[in-house]
Amino acid sequence: MIKLVNGIPEKLVEMDEKVTFVEQMDEDAGPVMQINKFNVDPDEVDEFLKAFAATAEVLKRQPGYISAQLHRGIAGSCVFLNYEVWESSKHFKQAVSSSKFQSSIVGFAPSIVMSPHLFKKVAVPGICVD
């Protein structure tokens with residue numbers, strides 16, 4: 001079972017050295033995409049997928065949820081990448097602060113290392129739209 005510290009997984013590795021995931025959730029932005037990289041032990045992949053499905057079921061019922069997709073690295077990799085689209089960072093924070101989510105996330109094995117981060121789209125002329 002994963003250990004939570006103030007509602008945040010103990011084995012959380014920040015993607016950004018200057019801005020924490022918690023600070024991001026306090027920023028008023030939207031829509032946002034939450035990207036989370038999971039490093040999973042090979043013998044815990046099935047357990048991870050079950051825990052992920054249970055947690056995703058909780059999140060998809062929360063206000064502001066738009067969509068999610070899980071990916072796995074190829075060639076036997078046990079690195080997983082999840083992205084979720086939310087109407088706003090406020091909606092995301094409310095969802096992950098809920099007691100239902102907090103109860104579901106403890107199902108992840110304690111060896112799993114998570115690296116979540118919130119993003120918003122960036123316009124690049126001729127390439128990407130805002």
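A disulfide here is a pair of cysteine sulfur atoms within 2.5 Å. By that test, a search of the whole structure, which is a predicted model, turns up 0 disulfides. Two cysteines can still be placed by their accessibility. Cys78 has a relative accessible area of 14%, so it falls under the 20% cut-off and counts as buried. Cys128, at 37% relative accessibility, is partly exposed.

Now for the overall build. The chain holds 4 helices and 6 strands, and from the N terminus on they come in the order β-β-α-β-α-β-β-α-α-β. The radius of gyration is 15 Å, which agrees with the value near 14 Å that a compact globule of 130 residues would have. Along its principal axes, the C-alpha trace spans about 45 × 35 × 30 Å. Of the 130 residues, 36% count as buried. The chain exposes about 7,900 Å², with carbon and sulfur atoms supplying 57% of that area. As for who touches whom, take the contacts between residues at least 6 apart in sequence: 72% of them join residues at least 24 apart.

Next comes the sheet. Four strands make up an open sheet in the order β4-β5-β3-β6, with antiparallel pairing. Its edges are β4 (65-72) and β6 (113-119), each of which pairs on one side only. From one strand to the next, the twist averages 15 degrees. Strands of a sheet pair through backbone hydrogen bonds, either parallel or antiparallel. Between β4 and β5 (residues 79-86), which run antiparallel, there are 7 bridges. Along this pair, Gln69 sits opposite Tyr83 of β5.

Two helices pack on this sheet. Helix α2 (residues 45-59) touches β3 (32-39), β4 and β5, and its direction makes about 5 degrees with that of β5. Helix α3 (residues 89-97) touches β3, β5 and β6, and its direction makes about 120 degrees with that of β5.

Val13 lies in the loop between β2 (8-9) and α1 (21-26). At 43% relative accessibility, Val13 is partly exposed. Leaving aside neighbours within four places in sequence, Val13 is in contact with Val113, Met114, Ser115 and Pro116. The C-alpha atoms of Val13 and His117 are separated by 9.8 Å, although these residues are 104 residues apart along the chain.

Methods. Residues numbered from 1 in each chain as written. Predicted model: local features only at pLDDT ≥ 70, side-chain atom pairs only at ≥ 80, totals over all residues. Heavy atoms only, no water. Pairing = 2+ DSSP bridges. Axes fitted to C-alpha atoms, helices over the stretch in contact; angles between N-to-C directions. Contact = heavy atoms within 4.5 Å. Buried < 20%, exposed > 50% of the residue type's maximum accessible area, 1.4 Å probe, protein only. Rg over C-alpha atoms; globule rule 2.2 N^0.38 Å. Areas by Shrake-Rupley, 256 points an atom, 1.4 Å probe, with all protein chains shown as cover.
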